[in-house]
Amino acid sequence: DVSSDGATVVSVTDVDFNYQYEYLGAKERLVITPLTDKCYITLAQALGMYFGGAPAGPAGTGKTETTKDLGNTLGIFVVVRNCTDQ
């Protein structure tokens, strides 16, 4: 969609985001599975309420990549910070 001021609007469920046009390069996209879809919806709802999100789960399940891919979808630069003690 396009808003009245000409900005591109990305809609995730009932939350609308203005596309931010942050150049992120030509990156590959993730395959959308029911789990990544649920993560997208949950993070979008949180961002729509001006909260953040912190997906939790076992290592190697795609939490970081899913979060970065959502940022790529919205044209937002995402910084990932690993706070583990390892």
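Begin by selecting D69, which counts as buried at 5% relative accessibility; buried means under 20% relative accessible area, exposed over 50%, and partly exposed in between, with a 1.4 Å probe and protein chains only. The model is a predicted one, in which local features need pLDDT of at least 70 and side-chain atom pairs count only at pLDDT 80 or more, while totals for chains, interfaces and linings use all residues. Residues are numbered from 1 along each chain as its sequence is written, and side-chain values use heavy atoms, with hydrogens and water left out.

**From D69 to R29**

The term denotes a side-chain nitrogen of Lys or Arg within 4 Å of a carboxyl oxygen of Asp or Glu. D69 belongs to helix α2 and R29 to the loop between β2 and α1, so the pair ties together parts that are 40 residues apart in sequence. Helices (H or I, at least four residues) and strands (E, at least two) are DSSP runs, numbered from the N terminus. R29, at 48% relative accessibility, counts as partly exposed.

**Along helix α2**

The structure holds two salt bridges. Select E65 and K68 next; their closest N and O atoms are 3.3 Å apart in a salt bridge. Both residues lie in helix α2, three residues apart, about one turn of the helix. E65 is partly exposed, with a relative accessible area of 41%, and K68 is partly exposed as well, at 35%.

**Helix α1**

Now select residues 34–48, which form helix α1. Its 15 residues reach 21 Å from the first C-alpha to the last, close to the 21 Å expected at 1.5 Å a residue; the expected span is 1.5 Å times one less than the number of residues.

Which residues of α1 are buried? They are T36, C39, Y40, L43, A44 and A46. These residues cover an arc of only 160° around the axis, which puts them on the same side of α1; the arc is that of the directions from the helix axis to the C-beta atoms. Turn to the other side of α1 to find P34, K38 and T42 exposed.

To see what covers the buried residues of α1, display elements including β1 (9–12), β2 (15–18) and α2 (63–74).

Centre the view on T36, a residue of helix α1 that is buried, with a relative accessible area of 13%. Not counting residues up to four places away in sequence, T36 touches V31 and T66, where contact means heavy atoms within 4.5 Å.

Finish at Y50, which follows α1 and has a positive phi, near 60°.
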